[in-house]
Amino acid sequence: MKYVIGIDLGTSSVKTLLVGQDGEIKGEATAAYPLIHERPGYSEQDPEEWVKGTITCLKELMKSSGIAAEDIEGVSFSGQMHGLVLLDDKNEVLRHAILWNDTRTTKQCREIEAKLGDKLLDITRNAALEGFTLPKVLWVQENEPELFAKAARFVLPKDYLRYRMTGNVHMELSDAAGTLMLNVPEAKWSEEILEAFGLSSDFAPPLVGSTEETGTLLPEFAELTGLSTSTKVFGGGADNACGAVGAGIVRQGDALCSIGTSGVILSYEEDKNKDFGGKVHFFNHSHPGAFYAMGVTLAAGYSMSWFKDSLAPELSFDELLKPVADIAPGAEGLLFTPYLVGERTPHADSVIRGSFIGLSGTHRREHLARAVMEGITFSLAESLELFRQAGINVERIISIGGGAKNPVWLQMQADIFGTPVVALNNEQGPAMGAAMMAAVGSGWFDSLKDCADKFIGYRATYEPNAANVEKYARLFKLYQQVYSATRSLNEGLQEFREQ
């Protein structure tokens, strides 16, 4: 038996997964690291913490599994997207990484829009948002010019970790798609965008594919972890791309619903000319030549956690949600909008806030709980509607995360989406997707599709209930009116809060 390792470099921790040729998990390890918040809106991290955490995990994985180093054929990565790591001409880190959830770059986003105009969407297929990498580059350029003058190139978080493991600097394609510097349809760096902002072509490293070999482990890294210098290291993927691969979203007609703190609707696509007008993200997929469209609900699982912590802290989630099964769709005329921290898709709005609409004295806690579940799912359905309007045919949805742990919520998703919803046997997320990339890169399979057939199993399918689909279609139209009806009110309340 041979093995591969998937490394998921997240925002708060790194997770490593050891997987055998049979697709079974043979071991896992996790290590946490801190965030740095020097000022409101700032979110940074020391890249050295990623390296230390990964070494700790790999040492633990080797020790606990008892597997010989020479039997581990490959390593690959999933990485938090968009984070800016600036390197000098010796590939030394110049400053802390600025992360995806850093919001200091609104001014730079407007500068990008003003300079590029319609070309931004034509080239990158994505709107200028604070989370992306180019606005962070411009912020350092404008606010730390002496430091930026020393910058020879930039990389993203997992690409820096891979450099430390191999000594080779590359940028993996699905991650590069989230920088606002990539020509997404053509899968190459945009010279036009780089030149527009005074960036040399060398500033953007050579691109590699997710299953492409980038080298083998450096002797010093192998010694620190217990791995072999013959272990091959592959490109890996952006966390959302890896999450999609780990859930089997590698075929036309498949989509992913992921409800974590935030929520994601993601669909597989092979047409590079799909145009969403910047309303959803459109990135290169880890499967060669493919793409994925993605909509985001900022406060998906967070809305449910807020509700539980605020109104039922003494209950478990299972206890809180058990009575929901006895409440009919629509929660007896109660709507919830999950805008607790603003919204991303289809409303890129940092001011809008959540609401309960239709609340009456007859509603009990279980009605509110069902309304929260339905509101989160309606928000995700707005992204799905944008996909369908663009001609994407979604035949089934794989559901993962908190929304896949509750049968009532799985049925609710099928009824609101109007599409069969499938739950996984063993949900491991982006780390499994990264391991699958190493498996394909190591030659175990010809493609990620073949690997998914072997590695991924499905637990249950929830078919839409026709009567509920009709009820939810009417309620969804009402839900879509809440945003515009409350937008000006929320602006006034925002001004009041800031006084």
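A: Start with pairing: two strands pair if DSSP finds at least two bridges between them. Helices (H or I, at least four residues) and strands (E, at least two) are DSSP runs, numbered from the N terminus. Here, L424 stands opposite Y458 in strand 24. This is a predicted model, where local features need pLDDT of at least 70, side-chain atom pairs count only at pLDDT 80 or more, and totals for chains, interfaces and linings use all residues. Residues are numbered from 1 along each chain as its sequence is written, and side-chain values use heavy atoms, with hydrogens and water left out.

Q: How many bridges join strand 23 to strand 24, and how do they run?
A: Four bridges link strand 23 (residues 421-424) with strand 24, and the two run antiparallel.

Q: In what order do the seven strands of the open sheet come?
A: The order is 18-19-17-16-22-23-24, with mixed pairing. Strand 18 (281-284) and strand 24 (458-462) are the edges, each pairing on one side only. From one strand to the next, the twist averages 25°.

Q: Which strands does helix 13 lie across?
A: Helix 13 lies across strand 16 (254-259), strand 17 (263-269), strand 19 (291-297) and strand 22 (396-401). Its angle to strand 17 is about 25°. Axes are lines fitted to C-alpha atoms, for helices over the stretch in contact, and angles run from 0 to 180 degrees between N-to-C directions.

Q: How are two packed helices described?
A: By the angle between their axes and the distance between the axes. Take helix 13 (residues 365-389) and helix 14 (residues 407-417): their axes come within 9 Å and cross at roughly 40°. Helix 13 and helix 14 are therefore oblique to each other. Angles under 35 degrees count as roughly parallel, over 145 as roughly antiparallel, 65 to 115 as roughly perpendicular and the rest as oblique.

Q: Which residues of helix 13 and helix 14 meet?
A: Contact means heavy atoms within 4.5 Å. On helix 13 they include M373, F378 and L384; on helix 14, W409, M412 and F417 are among them. By class, this contact has eleven nonpolar, two polar and three charged residues. Ala, Val, Leu, Ile, Met, Phe, Trp, Tyr, Cys and Pro count as nonpolar, Asp, Glu, Lys and Arg as charged, and the others, Gly among them, as polar.

Q: At what angle do helix 10 and helix 15 pack?
A: Helix 10 (residues 239-246) packs on helix 15 (residues 430-441) at about 80°, with axes 7 Å apart. Helix 10 and helix 15 are therefore roughly perpendicular.
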